[in-house]
Amino acid sequence: MKHTKGATIVVTIAATAAALTGCAGTSGDSGTAPGKTTLSIALWSYAQTPEFKALIDAFQAANPDITIKPVDILNNNYRDKVTTMLAGGDTTDIITIKSTTDYAGYAAKKQLLPLNDLQQKLADKKLARLDNYDWKGTYYAIPYRTDFYVLYYNKKLFKDAGLPAPENLTWDQFADQATKLTHGSGTGKVYGAYIHTWNAMVQGLAAAQTGRSQLDPSDYGWMKNQYELTLRLQKAGAIRDFGEALNQQVSYQTEFETGKAAMVPMGTWLIAPLLADRKAGKTDVDWGIAPLPQTQAGQQIATAGGPTGFGINRRAKNVAAAKKFIEFAAGEKGAEAVASIGIVPAYQSDAILKRYFGLEGIPQDDLSKKAFAPDVVRPESPISDSTAAINTVLNQEHGLIMTGSKSVDDGIKEMEQRVTSEVLHQ
């Protein structure tokens with residue numbers, strides 16, 4: 001589904017910005033007091049993801065009769081673990097929906113309960129990206145936050161290199177700046193940019209900026225330019241080697257916070273941990289954000305984005321309590337909780353957005369504010385019965401292209417053939 005200029009959350013944020021010129025301590029147990037409900041929620045890297053604690057603490061304060069038990073899963077293992085849990089009959093009540101690709105898989109298998117009652121109840125709240133969860137007229141999840149890709153940059157490294165802030169860049173200009181910003185060697189090397197290993201960082205961004213879809217394998221040639229640019233940067237040593245980053249499980253957050261990368265294209269979800277780590281004295285990086293580089297100069301600013309939400313396991317034992325939590329998370333109080341730590345909530349209001357932009361450490365320069373007003377926000381991966389299977393193929397071929405095991409042309413051709421024969425059975 002396509003979001004053009006006027007996507008409510010983006011426009012409201014822009015208007016507000018202009019005006020402003022493990023499971024520590026939260027797990028339930030078998031000794032839950034009589035009359036209390038223990039509600040389990042599958043989530044990832046609890047200690048490193050402050051939004052979960054913010055939501056859980058706020059909800060439990062408002063609902064002392066419900067105890068939240070986080071089912072904490074490592075970030076990198078989340079998709080595989082939840083897939084195994086749902087297939088194996090696990091009864092964890094709430095599943096946090098990390099991506100629309102994951103959601104498509106759960107929805108296609110009907111592993112979540114329909115939430116059309118909540119969708120209708122919250123319809124007047126104009127939740128951003130709610131329509132991304134419309135699965136053939138049924139909603140199996142509700143969003144509590146919304147994100148899109150921007151370009152993070154290290155102001156000091158740009159100043160030291162004598163370069164202007166990365167405003168209105170094309171991808172070719174991005175590559176040129178990344179090369180100029182790269183310096184040093186060995187453990188002291190500073191890369192001009194860091195491109196994370198997700199296939200979305202090439203395929204998803206290319207889809208959003210060309211208006212094409214991974215669901216149509218008749219011609220994936222629209223990916224070629226983005227692959228060639230990324231490989232060119234890798235060959236020049238301006239970004240980390242893909243295999244090295246994958247094998248060492250390099251963290252994009254760490255790369256940026258430690259000054260190892262001058263630019264990082266990444267989602268707005270990175271803002272919250274940057275604020276938290278700077279406040280805690282874990283980083284002193286002087287950062288800003290800019291619009292994502294574009295394929296051509298002078299065109300509308302297009303980026304990829306999507307929701308993060310909650311769904312209810314069809315085998316959940318506490319459905320009523322689960323719905324109560326999801327309604328809270330997607331509503332005003334949940335929005336206040338996540339906005340207070342730098343997360344962009346799906347729920348929108350001037351008061352919420354004023355709170356967000358009033359946070360200490362949020363960049364207030366004009367370029368950073370412009371980054372919050374892209375013209376077009378498209379899903380990086382549209383949902384369908386085939387989304388999850390298609391993404392599996394595309395991700396496999398992505399790795400082969402990025403490691404040099406296949407040429408770009410051969411990899412793209414293989415994607416087209418495999419998706420057509422293995423997934424669509426044509």
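Colleague: Which residue just after H12 takes a positive phi?

Modeller: That's Gly281, with a phi of about 80°. Keep in mind that this is a predicted model.

Colleague: And H12 itself, which of its residues are buried?

Modeller: H12 covers residues 271–279, and the buried ones are Ile271, Ala272, Pro273, Leu274, Leu275 and Asp277.

Colleague: OK, zooming out. How many helices and strands does the protein chain have?

Modeller: There are 18 helices and 10 strands.

Colleague: How does the radius of gyration sit against a compact globule?

Modeller: It agrees: a compact globule with 426 residues would come out near 22 Å, and the protein chain has 21 Å. Along the principal axes, the C-alpha atoms fill a box of roughly 65 × 55 × 40 Å.

Colleague: What about burial and surface, what share of the residues counts as buried?

Modeller: 56% of the 426 residues. The accessible surface is about 17,700 Å², and 48% of that belongs to carbon and sulfur atoms.

Colleague: Now the inside. Which residues touch the most other members of the largest nonpolar core?

Modeller: Tyr152 and Phe325, in a core of 113 residues. Strand S6, residues 142–154, gives the largest share of this core, with eight residues. Apart from that core lies another one of 18 residues, including Val202, Tyr220, Met223 and Phe242.

Colleague: Back to Phe325, what is it in contact with beyond its neighbours within four places in sequence?

Modeller: Leu39, Ile41, Leu55, Phe59, Ile68, Ile94 and Phe310. Phe325 also belongs to an aromatic cluster, along with Phe59, Tyr144, Phe310 and Phe328.

Colleague: Speaking of aromatics, how many pairs are there?

Modeller: The count comes to 19 aromatic pairs. Take Tyr152 and Trp287: their ring centres are 6.2 Å apart and their planes are at 40°, so that pair is tilted.

Colleague: Which strands do those two lie in?

Modeller: Tyr152 is in S6 and Trp287 is in S8 (residues 287–290), so the pair ties together parts that are 135 residues apart in sequence.

Colleague: Are they buried or exposed?

Modeller: Tyr152 is buried, at 0% relative accessible area, and Trp287 is buried too, at 5%.

Colleague: Why is the Tyr356 and Phe357 pair edge-to-face?

Modeller: Because their planes are at 80°, and the cut-off for edge-to-face is over 60 degrees. The ring centres of Tyr356 and Phe357 are 5.4 Å apart. Tyr356 is buried with a relative accessible area of 1%, and Phe357 counts as buried at 4%.

Colleague: Switching to charges, which ring does the charged end of Lys98 sit over?

Modeller: The ring of Trp44, 5.0 Å from its centre.

Colleague: Last one, Thr197. Where is it found?

Modeller: Thr197 is in the loop between H7 (171–181) and H8 (203–210).

Colleague: Why does Thr197 count as buried?

Modeller: Because its relative accessibility is 12%, and buried means under 20%. Leaving out residues up to four places away in sequence, Thr197 touches Phe242, Ala245, Leu246 and His398.

Definitions and conventions:
Residues are numbered from 1 along each chain as its sequence is written. This is a predicted model: local features need pLDDT of at least 70, side-chain atom pairs count only at pLDDT 80 or more; totals for chains, interfaces and linings use all residues. Side-chain values use heavy atoms; hydrogens and water are left out. A nonpolar core is a set of buried Ala, Val, Leu, Ile, Met, Phe, Trp, Tyr and Cys residues joined through side-chain atoms within 4.5 Å. Buried means under 20% relative accessible area, exposed over 50%, partly exposed in between (1.4 Å probe, protein chains only). Helices (H or I, at least four residues) and strands (E, at least two) are DSSP runs, numbered from the N terminus. Contact means heavy atoms within 4.5 Å. Rings of Phe, Tyr and Trp (its six-membered ring) pair if their centres lie within 6.5 Å; planes under 30 degrees apart count as stacked, over 60 as edge-to-face and the rest as tilted. A charge sits over a ring if NZ of Lys or CZ of Arg is within 6 Å of the ring centre and within 35 degrees of the ring normal. The radius of gyration is taken over C-alpha atoms; the globule rule is 2.2 Å times the number of residues to the power 0.38. Accessible areas come from the Shrake-Rupley method with a 1.4 Å probe; for residues, only the protein chains shown count as cover.
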